[in-house]
Amino acid sequence: MTGNVLDKRFLQQAMAGQDIVYANLIGEDLDVQARSVIAAMQATGVGRLVFVLSLGIYDEVPGQFGEWNRALIGGDLKPYRRTADAIEASGLRYTILRPAWLTDEDEVDYETTARGKPFKGTVVSRKSVADLVAKVVAAPELHVGSSLGVNKRKRTANPC
């Protein structure tokens, strides 16, 4: 099924009868897109959401890497933070994932960091993020109400 996330009717049709929604969206209007997803979930009674955002939305990335990250994408993170705020205020049973810089490595190797804790790493594989998403979808009670930083467990050199 292909459609537009801002098309209310399409979203409600797509969500009807579903147990969980996974969203991984981008754009300057990300918060508008998220509010559309939230409204459709509320209208259809779907209560579980997994939403992928970005590291740095809570200014949680410390040190030289955090400075580099803010300089490179800090301005772009504003709609991501507004999105997190909307999700957290939605009343939905949500999990927000905030991955580090994504790689195409063929590995599953990651750790998570709770909101309010300093981000630990710099990169994570897409395959690792997919593994975490699959675990939450398979066990919907996992990480409810959490905003998790996701990074590669083994330390790597900073990309800055």
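These legends describe close-up views of one predicted model.

The model is predicted, and local features need pLDDT of at least 70, side-chain atom pairs count only at pLDDT 80 or more, and totals for chains, interfaces and linings use all residues. Residues are numbered from 1 along each chain as its sequence is written, and side-chain values use heavy atoms, with hydrogens and water left out.

**View 1. The buried face of helix H4, residues 78-88.**
Helices (H or I, at least four residues) and strands (E, at least two) are DSSP runs, numbered from the N terminus. Buried means under 20% relative accessible area, exposed over 50%, and partly exposed in between (1.4 Å probe, protein chains only). In H4 the buried residues are Pro 79, Tyr 80, Thr 83, Ala 84, Ala 86 and Ile 87. They line one face of the helix, because they fall within an arc of 165 degrees when seen down the axis of H4. The arc is that of the directions from the helix axis to the C-beta atoms. Helix H2 (30-44), strand S2 (48-52) and strand S3 (93-99) are what the buried residues of H4 pack against. Contact means heavy atoms within 4.5 Å.

**View 2. Strand S3 and its partners S2 and S7.**
Two strands pair if DSSP finds at least two bridges between them. S2 and S3 run parallel and are joined by 5 bridges. Val 50 stands opposite Thr 95 of S3. S3 is also joined by 5 bridges to strand S7 (residues 146-151), and these two run parallel. Leu 97 has Leu 148 as its bridge partner in S7, and Pro 99 has Val 150. Of the 7 residues of S3, 6 are buried, so the strand is largely enclosed by the rest of the structure.

**View 3. Strand S7 and its pairing with strand S5.**
In S7, 6 of the 6 residues are buried, so this strand is largely enclosed by the rest of the structure. Which residues cover the two faces of S7? Ser 146, Leu 148 and Val 150 are buried on one side, and Ser 147, Gly 149 and Asn 151 are buried on the other. Strand S5 (residues 111-114) runs antiparallel to S7 and is joined to it by 4 bridges. The bridge partner of Glu 111 in S7 is Asn 151.

**View 4. The largest nonpolar core, with 27 residues.**
A nonpolar core is a set of buried Ala, Val, Leu, Ile, Met, Phe, Trp, Tyr and Cys residues joined through side-chain atoms within 4.5 Å. In the largest one, the residues with the most contacts inside it are Met 15, Val 37, Met 41, Leu 49, Phe 51 and Leu 53. The elements that give two or more residues to this core are helix H1 (8-15), strand S1 (20-23), H2, S2, H4 and S3. H2 gives the most, with 6 residues. Not counting residues up to four places away in sequence, Met 41 touches Met 15, Val 21, Val 46, Gly 47, Arg 48, Leu 49 and Leu 92. Another core, of 16 residues, lies apart from the largest one and includes Tyr 110, Leu 132, Val 133 and Val 150. In soluble globular proteins, nonpolar side chains tend to be buried together.

**View 5. The aromatic cluster of Phe 65, Trp 68 and Trp 101.**
Rings of Phe, Tyr and Trp (its six-membered ring) pair if their centres lie within 6.5 Å; planes under 30 degrees apart count as stacked, over 60 as edge-to-face and the rest as tilted. The whole structure holds 2 aromatic pairs. Phe 65 and Trp 68 have ring centres 5.7 Å apart and planes at 25 degrees, so the pair is stacked. These two residues are 3 residues apart in helix H3, about one helical turn. Phe 65 is buried, at 5% relative accessibility, whereas Trp 68 is partly exposed, at 23%. The rings of Trp 68 and Trp 101 have centres 5.2 Å apart and planes at 50 degrees, so this pair is tilted. Trp 68 is in helix H3 and Trp 101 in strand S4 (residues 101-103), so the pair ties together parts that are 33 residues apart in sequence. Trp 101 is partly exposed, with a relative accessible area of 28%.

Asp 59 sits in the loop between S2 and helix H3 (63-73) and is exposed, with a relative accessible area of 52%. His 143 is partly exposed, at 26% relative accessibility.
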